[in-house]
Amino acid sequence: GFTAAYAIHRMEQNGQHPDQGPVLVNGATGGVGSLAVDMLSGAGYSVTAMTSKGDAADYLHSIGATEILNLKGLELGNRPLEKAIWAGAIDNLGGEVLGWLTRTTQPYGNIASIGLAAGFALETTVMPFILRGVSLLGINSVGVPLDERSVVWQRVAGDLAPRHLDRIATREVPLDDIKGEFQRYIDGAVVGRTIIR
């Protein structure tokens, strides 16, 4: 939960707050995405969960998503600026979807870039950053200084405490079976967190 909490913490340090509008979380059925949906919702944000899993709507609503956006068939557009929709976003995908987020984030919105599951390239223009003041925040939870790490862990135990861990961490496998789990992740068949015994 630290990575999701750190992303929210950084966004809020940069002025993000719930009354600005919806925050999009992509890769929402993954471990970080699920916790981000849960934590944002618990903090009062309206959360749009983006997924390519057509059968995930009930799960995502149960952990706090207000709206579900299916990535499959979504028209990402190619103009330098598209309609401004999101007050902010937590991006677990990178690539083409992150480029789309830069073009669809509202003025002075924050995008926390966490992952690169869809690619490491970023194709965009400077227009979202100059004309809309969009901030792209890189999230590297490994290198967080100790004093800030302590503050974020306190938030994980306090105002950002996950409310739906019983729904997010439902699978448990023994350490000896971990190699067999990798293909499930590659195939996109995992929802939430898997606990390794």
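Guide: Start with Phe-2 and Tyr-6, which sit four residues apart in helix α1 (residues 2–13), so about one helical turn separates them. Helices (H or I, at least four residues) are DSSP runs numbered from the N terminus. This is a predicted model, in which local features need pLDDT of at least 70, side-chain atom pairs count only at pLDDT 80 or more, and totals for chains, interfaces and linings use all residues. Residues are numbered from 1 along each chain as its sequence is written, and side-chain values use heavy atoms, with hydrogens and water left out.

Visitor: Is Phe-2 buried or exposed?
Guide: Buried means under 20% relative accessible area, exposed over 50%, and partly exposed in between (1.4 Å probe, protein chains only). Phe-2 is buried because its relative accessibility is 7%. Tyr-6, at 7%, is buried as well.

Visitor: How are the planes of Phe-2 and Trp-153 arranged?
Guide: Rings of Phe, Tyr and Trp (its six-membered ring) pair if their centres lie within 6.5 Å; planes under 30 degrees apart count as stacked, over 60 as edge-to-face and the rest as tilted. Here the centres are 5.2 Å apart and the planes at 40 degrees, so Phe-2 and Trp-153 are tilted. Trp-153 lies in helix α6 (residues 146–157) and Phe-2 in helix α1, so the pair ties together parts 151 residues apart in sequence. Trp-153 is partly exposed, at 43% relative accessible area.

Visitor: Which residues form one aromatic cluster?
Guide: Phe-2, Tyr-6 and Trp-153 do.

Definitions and conventions:
Helices (H or I, at least four residues) and strands (E, at least two) are DSSP runs, numbered from the N terminus.
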